[in-house]
Amino acid sequence: DRLFDAVIRDPDVWDLEEPKLILSVMGGAGGMDINAAVKTHFSEGIVAAAKQTGAWIITGGTDSGVMDLVGTAMAKHDKKRE
């Protein structure tokens, strides 16, 4: 409980509401060749799912592959996280 309080509930760390769900998105960090329409649907869908469920989305944090796609989606479609 102390770790959860220190990391998740501390407004100085994240400044976000406590998550009701944590989604972990893992995948390849290599270059991905994805159709633009699929990228758009994925981006809008994952952000909508996170907002509707009160979820946080956790990735490996690299700036490539699916993790970059998730980060770009959150930055573009979820203005609370700017």
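Asp5 lies in helix α1, which covers residues 2-7; helices are DSSP runs of H or I with at least four residues, strands are runs of E with at least two, and both are numbered from the N terminus. The model is predicted, so local features need pLDDT of at least 70 and side-chain atom pairs count only at pLDDT 80 or more, while totals for chains, interfaces and linings use all residues. Residues are numbered from 1 along each chain as its sequence is written, and side-chain values use heavy atoms, with hydrogens and water left out.

Asp5 counts as partly exposed because its relative accessibility is 34%; buried means under 20% relative accessible area, exposed means over 50%, and partly exposed is in between (1.4 Å probe, protein chains only). Between the C-alpha atoms of Asp5 and Glu18 there are 9.8 Å in space, and 13 residues separate the two in sequence.

Leu21 belongs to strand β1, residues 21-24. With a relative accessibility of 36%, Leu21 is likewise partly exposed. Its C-alpha atom is 8.6 Å from that of Ile57, which is 36 residues away along the chain. When neighbours within four places in sequence are left aside, Leu21 is in contact (heavy atoms within 4.5 Å) with Thr53, Gly54, Ala55 and Trp56.

The chain as a whole has three helices and two strands, arranged along the sequence as α-β-α-β-α. Among contacts between residues at least 6 apart in sequence, 77% join residues at least 24 apart. Of the 82 residues, 22% count as buried. The C-alpha trace spans about 45 × 25 × 20 Å along its principal axes.

The remaining topic is a helix pair. Two packed helices are described by the angle between their axes and the distance between the axes. Helix α2 (residues 36-53) packs against helix α3 (residues 65-77) at an angle of about 70°, and the axes are 9 Å apart. Axes are lines fitted to C-alpha atoms, for helices over the stretch in contact, and angles run from 0 to 180 degrees between N-to-C directions. The two helices are therefore roughly perpendicular to each other, a term for angles of 65 to 115 degrees; under 35 is roughly parallel, over 145 roughly antiparallel, and the rest oblique.

On the α2 side, the contact is made by Lys39, Phe42, Ser43, Glu44, Ile46, Val47 and Lys51, and on the α3 side by Leu69, Val70, Ala73, Met74 and His77. Seven of these contact residues are nonpolar, two are polar and three are charged.

Technical notes:
Ala, Val, Leu, Ile, Met, Phe, Trp, Tyr, Cys and Pro count as nonpolar, Asp, Glu, Lys and Arg as charged, and the others, Gly among them, as polar.
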